[in-house]
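Student: I would like to go through some charged side chains. Please show me the sequence and the structure.

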Amino acid sequence: MTAKFTRINLLFLTITLPAVLSVQVKSNQHRYACGQRPINGIGVITSGQSTWPGQFPWHAGLYRTKGLGSEYICGGFIITDRFIVTAAHCTTAPNGYQIVPNGISVRLGMYELLSMTKNTQEHRVEKIYRHHNYTASSYMHDIALLLLRTVVEFNDYIQPICLWEQEKYGPGEGLVGLVSGWGITEYDMLADKLKAARLPMVGVLECLESDRDLFSQAIFDGMFCAGLTNSTNVCNGDSGGAFAININGTWVARGIVSFTGLRDSSVTLCKTESLAGFVNIPRYVKWIEKMVNKDRFVAIEPLAHHSEKTTDSDATTSTMIVSSSSISEKKCAQYHSSSETESRELSYLAYVSRNFPFTRKIDCFAVLISERFLLARADCCSLTASQAAYSGKEQFIIVEMEGRALQYEIETFHQHPDFARNPAENNLALIELNRNVSISSSQFVCLWTRAELDLGKIFLYSAMNESGKPLMDSAKCFNQLLAPSVMIERGYYHLVGIVVNSTCATIRFIKLQKFIPWIESIVWGRG
C-alpha cells in the first residue's frame, strides 16, 4: 500500500500466486475477545509504511482459485470464528455475477503476501452473503460476508475485530482510522508485506468538493469518506479491509475499504490524490448479526406421531397443537412480580447430576420454568424406560440460589410421549421436583409462545456465559453443557428452545413453541 488501496470502478487487480498448503495452528486458549492485539510493536505507521507481524491480526487475504494456483484479489477482516467481512465487489466476477464460494479461499495470520508461516491458516469459503441491495453497477451497499467451511483457530496472530455499534460507541464522526492491506504501492505493484496508513474521516461537503463526479453518485448513509490528498490513499487490492479505530485499547471496525477515484479513463488504477469511500459499518450491523446467526442456529421442529388420530384424552399431548392459552404469560408476570432477584441473573439454570465415588457427574443442564418444574433434554435421563413418565432415583437436581448450591430430588422425569432415542426426536422432558423451589430467591424463565422467531435477537445462556452475550460476540465453540438454553428478550428473557447438540459451526435446538400446550398441561394443568 502506498498511501493507497481500494477497488476501482468495481474492477479487481489480481496476481497469480502458487498453490500453498494451509497450516492449521492449534491454540491453547479457548476464547479471545474481539479487538485485541497481543503482538505489540514500536512506532506509528503513516503514509503507507511497513507494519509488523501481528499488528493487524484481524486482517484477511482473499484469493480466487485459478488453475493450479490462486490469485490475490482483496482484503477482509475476521469478526467470528467462521465469518469474514469484505467488500461485495470482491466477491463479484467481471460479468457482474457472484463468484462461486468454492472458488474463494481466505488466508489469515499473514504478513508477507507470498509466504505462509506456522502462524498462517487457510480456509475455504462455504457461503457468500452479498448485501441484498448491492449491484455491480453501484458503489452502494458494498458489503459481503464469507462463511468459512472450517473454524478459525485464534492465536496471537489471528484475532477478531469488534464492529462499531452506534449505541455503544456513538456516531463515530471525525475520527482517524488505520487501514491495512497488500494493495498497489507507489511503484504500481502489490505490496509484498502488509502495509498500513492513518486516514482521517472527511465530511460530506469536503468529499463532494474533492470529486463531485465520483462521490455524488455514492454518498448516502451507508458510506463515508476518508483520506488525504498527499498521495496517502487506498488502492487496488486493499478493498474489503477494515477502517479500524482504537477505543481505549480495543480495536473496532468503523468502515470497509470500498472505492476511490481513477487516474484516468484508460487506466484502471487508483488516483492517489483522491479521497476514498468506505462502507459505513453501523448502518449494517443488524444485517451482519442476522446473517451470522442465520447459519449458526438450526431450530428443530417437533415430529408428531399422534397427529393422525387425536382423541380428547390425548389432545393436550399432541405436539402439533399450535394454539396456546395465556397460562405461561400469566405465570411469567406472577413469578417476576414475586421474585426479589434481578431479571438478568441466571438462577434459573440447574444441573441434572449423579454422585460417583469421589466425584459428581453433570448429565446435562435444565431450566427452571416454575417452582416445581424444569425443562431439559429427554435423553438426559439416566434410566432406559419406555414409559412417558418415570422416576429417576439416582439423579438429582442442583440449583444455585443466592450463592448456595441446593440439592433437590426428582419426583418424576416426564419424557415427551413422542420422544424417540435413535434417532432423537421430540427430545424434550419436564423434570418434576419432590418439593417447591422458593419464588422469592429464585428466578423462573418465561416461555416463548409465539411462532415467529428473529434469529438475530437470540442469545445463548449457559453457566459459563453469565452475561448472556449474543452469539456473534463469541469466539469459542459451544457444546451442549455450555449452551443449554436459547433465549430471546421481550421485557423479560424468554426461553425459545433447549440445545440438543452443537458443533463449532451449528447449534441445534428444539423450538418450544409447539410444545407449549403439553408443557402447560403438566406444569399448570389446563388453567
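**Salt bridges and burial**

Tutor: The side chains of E126 and R82 form a salt bridge, 3.0 Å from N to O. This is a predicted model, in which local features need pLDDT of at least 70, side-chain atom pairs count only at pLDDT 80 or more, and totals for chains, interfaces and linings use all residues. Residues are numbered from 1 along each chain as its sequence is written, and side-chain values use heavy atoms, with hydrogens and water left out.

Student: Why is the contact of E126 and R82 called a salt bridge?

Tutor: The term needs a side-chain nitrogen of Lys or Arg within 4 Å of a carboxyl oxygen of Asp or Glu. The N to O distance for E126 and R82 is 3.0 Å, so the pair qualifies.

Student: What makes R82 buried?

Tutor: Buried means under 20% relative accessible area, exposed over 50%, and partly exposed in between (1.4 Å probe, protein chains only). R82 has 5%, so R82 is buried.

Student: Why does E126 count as partly exposed?

Tutor: E126 has 37% relative accessibility, which is why it counts as partly exposed.

Student: Which residue forms a salt bridge with D363?

Tutor: That is K361, with the closest N and O atoms 2.8 Å apart. Salt bridges with shared partners join R354, K361 and D363 into one network.

Student: How do you know whether D363 is buried or exposed?

Tutor: Its relative accessible area is 12%, so D363 is buried. K361, at 36%, counts as partly exposed.

Student: How many salt bridges does the structure hold?

Tutor: Seven. One of them joins the side chains of D221 and R283, at 3.2 Å from N to O.
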